[in-house]
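User: I have a model open and a few quick things to ask. Can we go through it together?
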Amino acid sequence: MELYAILKLIWAALLCVLFIGLGLMVGMDMGVGTLLRFVGRNDGERRTALNIIGPHWDGNQVWFILGGGAIFAAFPTLYATSFSVFYVVMILLLFSMILRPVAFEYRSKADSKLWRASWDWVFLISGFLPMFIYGAAFGNILEGVGYHFGWNGQYYQDSSFFSYLLNPFVILCGLMSVSLSVYQGGVMLMIRSEDPIYGRARTYAQRGGILAIILFAVGGLFISRMKGFVLTAPVDPAMPANPLHGQEVAQIAGAWLHNYAVHPALWLLPVLGFACMVLGVLAVRAHNGGLAWWVGLGSWIGTIGTVGAAMFPFLMPSTTAPNQSLTIWNSTASAYGLSCMLVVALIFVPLILCYTSWCYYVMRGKVRTADIIHDSHSY
Amino acid sequence: MDIINPTVVDLSRFQFALTALYHFMFVPLTLGLTFMLAAMETVYVVTGRKIYKEMAQFWGKLFGINFAIGVATGLTMEFEFGTNWSMYSRFFGDMFGTPLAIEGLMAFFMESTFVGLMFFGWDRLSKQAHLAITYLVALGSNLSALWILIANASMNVPEGGHFDPETMRMQFDSFVHVIFNPDAQSKFVHTSVAGYVSAALFVMGISAFYLLRGQHKQFAARSFRMAALFGIISTVAVITLGDVLGRMDYEKQPTKIAAIEGLWHTSKPPYEPWILAALPDDAKQENHFEIGVPFVLTPLIAHDFNTPITGLHELEDAAGPRIQSGIEAVSALRRYGETHQQADLDIFRAHEEDMGYGFLATRHAPNQDVTNISAEALPKVIEETKPDILPNVFVTFWAFRLMVFLALYFFALFAISSYVSLKNKLERNKLLLRLCLWSIPLPILATEFGWITAEAGRQPWTVFNKLPTFLSSSTHSVSYMVFSLAGFTLLYSIFIAAELYLMFKFARLGPEAHDAPHDDATQHPHLTAVSSTPSAAH
Amino acid sequence: MSLFRMAGLAIVLVVSLLFAVFVGDQGPWYFAWVIGTVMIILISGAGAILLDSQLDSSPDNEV
């Protein structure tokens with residue numbers, strides 16, 4: 001296999017890792033945001049919940065920013081096309097993402113009741129909406145999107161955004177990702193809080209986990225019957241990254257199960273997802289927050305892995321011009337760009353993991369309401 | 001037929017300018033204030049005097065209020081390349097995305113992870129460890145600016161890449177050229193140091209406010225002294241680097257430098273005046289009146305006395321043949337993309353350098369299609385395209401001048417402030433203190449003018465000489481733009497109101513809001529005497 | 001312990017030298033930024049320490 005094809009594969013794998021990291025870390029903060037009004041019944045409790053992720057939300061949010069940056073750098077055509085195809089949804093996502101940092105920093109800096117109550121609603125919206133859109137985007141991509149390219153690579157949109165937003169499967173995917181984030185957020189609150197927050201968080205984590213199991217199963221049924229996409233002629237994986245020519249694609253019902261039929265070992269991914277979600281719910285019931293947190297990672301690997309394995313090598317198939325569908329072979333950056341990025345990632349990702357863990361270590365321990373109120377640095 | 005809607009392009013440009021200028025109201029303060037916090041904390045660690053810790057904490061609190069919006073609005077920029085400039089992102093993403101992603105990996109992660117520890121870790125870390133964290137935050141935010149400006153520089157001076165007809169985009173081929181792009185170097189230092197100036201004036205102005213009120217004297221005098229010295233050196237650096245940047249533009253972007261100087265006709269050295277003020281008229285292509293200083297322009301730009309500087313008319317005339325050649329390049333490229341004939345590739349290679357000018361003619365070609373222009377229509381298309389190569393002279397000219405006048409004012413203000421502070425005569429100079437207080441927003445204004453000079457001066461290109469702006473945008477409908485613009489206007493108005501409210505609240509409250517005990521008060525009795533009085537004031 | 005510290009300092013020294021040689025050659029302005037920023041911090045810090053000693057020695061406490 002040529003080096004360029006291997007680089008494309010590596011970056012597709014890294015993209016999956018980023019999506020998993022994003023789902024886990026950002027999802028956790030979003031879950032805490034969604035749950036904020038429910039686990040905290042008064043101002044002191046809410047501040048406690050906020051300060052549990054207070055020192056880390058900013059770092060976690062970078063997973064999100066890095067996700068965008070990595071798609072831009074490694075899959076420029078995908079970045080250019082997907083962000084503008086989903087314009088309205090992306091702008092909504094952006095609005096909720098830019099409200100969050102401000103909400104964290106500003107909520108507890110003024111005493112007015114109205115001020116704090118407003119920001120608490122902002123936390124709910126900016127926790128729920130992004131995770132919903134994150135999941136819904138996967139749903140849309142699985143169903144295919146309407147676009148085509150002009151001769152010079154200018155992209156043109158063929159269907160309006162309403163057709164992407166409102167259909168049962170997409171809503172199901174959105175809720176699936178919200179329930180995983182609620183689970184993870186609840187578990188994080190369990191680890192670092194005491195009663196009464198602890199007890200409430202435990203209840204919501206359980207509910208989130210159970211809902212995720214159900215939605216994952218129903219979603220699987222949908223995917224097995226959906227009109228998926230397949231390559232009808234072999235392509236050269238090392239081809240120049242240009243979606244304008246070089247592939248033939250057909251849209252067939254049940255095609256997303258094609259990869260699973262060829263490689264039965266892939267069934268391990270959905271199994272891993274299910275096993276981790278079930279184990280997670282049991283761990284929460286058994287008051288084992290630490291185990292539940294790490295099992296949450298497994299749930300994300302299982303979910304994203306299942307979708308990735310079904311779609312490979314497609315990234316964003318087109319319903320109106322299937323031959324111009326974006327795949328990992330035709331929408332990456334140049335070989336030189338991918339290699340540079342790989343070297344940089346190999347240096348910095350381990351470094352990031354080290355210092356992020358160190359930060360969690362420094363800020364370890366339970367957060368108590370009494371400490372928050374007397375600490376002028378806290379949120 | 002796939003046609004580009006000029007209204008969508010204009011609205012996209014308006015939205016990008018709005019969000020970028022808004023983002024850049026907060027960034028300079030972050031760039032500079034982090035290093036000022038580091039400086040204050042360094043003095044704390046070296047001398048052990050508690051007051052410097054209080055300074056780091058108080059200014060850190062104001063930094064936090066500002067930082068949150070800086071981070072939030074930065075996200076907008078990352079999204080907009082994809083949502084609004086999809087053709088640009090596809091065409092240039094290989095070169096532009098890489099520095100952006102490295103920014104995330106190398107700088108933004110570091111800054112964002114450690115900023116949490118900087119705020120929350122005071123009691124959990126040793127003095128030295130916390131100081132190291134503060135330095136890492138400062139370094140992270142400036143490295144972040146570095147990578148963004150490297151990306152921006154590759155739009156202004158596209159080096160380290162080439163156009164590839166197989167993939168119809170610019171491809172990255174030299175990392176070293178991208179990083180050490182001369183535009184990136186001077187622009188980074190210029191911008192980072194402009195951030196230092198903003199932060200210095202911010203700290204100096206608020207300290208002046210306390211001194212005017214006779215509050216927190218010890219605290220304010222130290223903050224003022226540090227800020228004044230920080231500011232004076234930074235201002236000298238910002239002016240030096242501005243000159244370097246101008247000289248670089250003169251070599252790489254002659255249209256930008258001619259527009260900055262309002263130079264319609266090639267200059268006549270050595271007499272040619274440097275225009276202080278004028279009213280450039282873009283429609284008539286002339287200046288309505290001019291006040292200039294003779295003999296200054298040539299040495300200012302070319303650093304000698306006999307090099308003529310090409311004027312806008314001459315640049316426009318020189319573009320004619322390039323447009324014609326560009327149209328041939330684009331036509332050959334299209335044929336090659338569809339049929340892959342070697343002959344078409346050869347024609348493209350012969351005219352490759354002018355490809356961007358061919359794209360530029362798209363707007364004036366029948367049906368926006370340069371590949372199908374009849375022989376009779378060609379001269380007309382070329383004539384109509386020629387004026388398009390010039391940026392808006394009025395905007396570029398005045399944005400540049402206002403920036404320069406402000407920089408000279410800062411130089412004077414910091415110089416006087418440093419002198420008065422070193423002489424310990426601040427309290428006697430109420431006028432100077434008031435001037436400092438009222439000048440707080442000016443550096444922000446100056447950096448905004450800097451952005452306008454650089455980006456308006458780059459027009460009509462997104463990637464200089466390669467891809468025109470109006471071809472770069474996404475192709476969605478006007479209603480999408482109305483939706484997003486309405487949302488940004490609403491959200492950003494709320495943000496600025498909330499930010500100003502909190503800034504004023506905490507600035508008025510002053511440092512005593514931190515109930516840190518003065519543990520070294522026994523060694524310096526006068527500190528207790530002074531700092532205990534103002535807390536009675538509120 | 002002191003050997004450990006010496007080794008650490010030596011590494012920092014070598015890295016700074018390499019940085020100075022390479023970046024000073026390829027990107028003089030980047031190098032200038034590093035030196036300049038350090039200088040700005042040191043000078044403003046020195047200004048503050050000078051203020052401390054001015055105030056400690058002057059009886060009337062004017063700032």
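User: How far apart are the nearest C-alpha atoms of chain A and chain C?
Analyst: They are 17 Å apart, and the two chains do not touch. Contact here requires C-beta atoms, placed from the backbone, within 7 Å. This is a predicted model: local features need pLDDT of at least 70, side-chain atom pairs count only at pLDDT 80 or more, and totals for chains, interfaces and linings use all residues. Residues are numbered from 1 along each chain as its sequence is written, and chains are lettered from A, ligands numbered from 1, in the order written.
User: Which pair of chains shares the most contacts?
Analyst: Chains A and B, out of 2 pairs in contact.
User: How many helices and strands does chain C have?
Analyst: Chain C has 2 helices and 0 strands. These are DSSP runs, numbered from the N terminus: helices are H or I with at least four residues, strands E with at least two.
User: Why is chain C called more spread out than a compact globule?
Analyst: Its radius of gyration is 19 Å, well over the 11 Å that the globule rule gives for 63 residues, so chain C is more spread out than a compact globule. The radius is taken over C-alpha atoms, and the rule is 2.2 Å times the number of residues to the power 0.38. The C-alpha trace of chain C spans about 50 × 40 × 10 Å along its principal axes.
User: Switching to chain B, what domains does it have?
Analyst: Domain 1 covers 15-159 + 174-255 + 390-527, and domain 2 covers 267-309. The bounds come from an automatic or database domain assignment. The C-alpha centres of domain 1 and domain 2 of chain B lie 32 Å apart.
User: How many residues does each domain of chain B give to the contact?
Analyst: Domain 1 of chain B gives 7 residues and domain 2 of chain B gives 5.
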